[in-house]
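Work through each task with the structure at hand before reading its solution.

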Amino acid sequence: MGYIKKLFTSLSVFELCLWLFSIITVTASFLLAGNFNPLTLIASLIGVTSLIFIAKGYVIGQVLMIVFGLLYSIISLQYCYYGEIITYLGMTAPIALMSAISWYRNPYKNSPEVTVSSLNALHRILLVVLTIIVTIVFYFILKAFNTPNLFSSTLSIATSFSASYLALMRSPVYAVAYAVNDLVLIVLWILASMENTSYIPVVMCFAIFFINDLYGFVSWQKMKKRQSSDI
């Protein structure tokens with residue numbers, strides 16, 4: 001309990017308000033929807049909590065992202081969104097684990113905050129090449145599974161991989177990639193909601209994720225500037 005208290009007391013007033021707003025909005029959207037899956041609500045609350053700590057550059061944020069990935073995969077299975085299942089189980093969760101290890105090994109001056117890094121030329125080339133390869137490979141995998149909304153599902157994989165790679169590299173641009181991924185997922189779940197209105201809260205969940213990821217970019221830019229000035 002002491003560790004959890006320390007984590008939340010480290011949040012600024014704005015960050016605490018953003019977290020509370022996210023929690024309340026997501027919870028309200030699920031309750032107002034009436035017939036909803038409790039697992040979806042739990043996953044969403046874990047997801048928004050992970051984002052606020054990732055925005056702080058804390059390892060615990062990546063750990064929570066792993067848990068979110070596992071739960072989100074189960075939810076996606078219910079709608080046969082195989083792209084999301086494969087993305088989170090085969091890519092997002094494993095890369096989040098690697099990111100957690102990388103962040104843990106690269107603290108900023110023995111603080112809970114990770115050391116912000118910049119992409120070099122090789123990292124940029126790898127990002128482009130690997131994203132293209134992953135996208136092409138998974139397109140045919142998803143097509144073989146007759147995945148609903150194939151184009152959106154494939155685009156989700158491309159943006160999710162890019163975001164995960166950038167987070168692993170400790171680049172502030174990770175948040176921009178995740179924000180784009182959020183927009184793709186909003187479209188994906190709107191399409192699902194047109195067939196089943198119980199998925200509307202999931203749309204709201206990713207809308208809140210989008211807001212948090214935008215803040216994540218701002219926060220990491222401040223972290224980068226502050227860390228650079230301390231050198």
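Ring pairs link Phe68, Tyr72, Trp189, Phe206 and Phe209 into a cluster, where rings of Phe, Tyr and Trp (its six-membered ring) pair if their centres lie within 6.5 Å. This is a predicted model, in which local features need pLDDT of at least 70 and side-chain atom pairs count only at pLDDT 80 or more, while totals for chains, interfaces and linings use all residues. Residues are numbered from 1 along each chain as its sequence is written, and side-chain values use heavy atoms, with hydrogens and water left out.

**Exercise 1.** Determine the geometry of the pair formed by tyrosine 72 and phenylalanine 206, and locate both residues among the helices.

*Solution.* The structure holds 14 aromatic pairs. In the pair of tyrosine 72 with phenylalanine 206, the centres are 5.6 Å apart and the planes make an angle of 75°, which is edge-to-face (planes under 30 degrees apart count as stacked, over 60 as edge-to-face and the rest as tilted). Tyrosine 72 belongs to helix H4 (residues 59-78) and phenylalanine 206 to helix H9 (residues 200-230), so the pair links distant parts of the chain, 134 residues apart; helices are DSSP runs of H or I with at least four residues, numbered from the N terminus.

**Exercise 2.** Decide whether phenylalanine 206 is buried or exposed, and describe its pairing with phenylalanine 209.

*Solution.* Phenylalanine 206 has 1% relative accessibility and is therefore buried (under 20% relative accessible area; exposed is over 50%, partly exposed in between, with a 1.4 Å probe and protein chains only). Phenylalanine 206 also pairs edge-to-face with phenylalanine 209, at 5.2 Å centre to centre and 75° between the planes.

How values were computed: Helix = DSSP H or I, 4+ residues; strand = E, 2+ residues; numbered from the N terminus.
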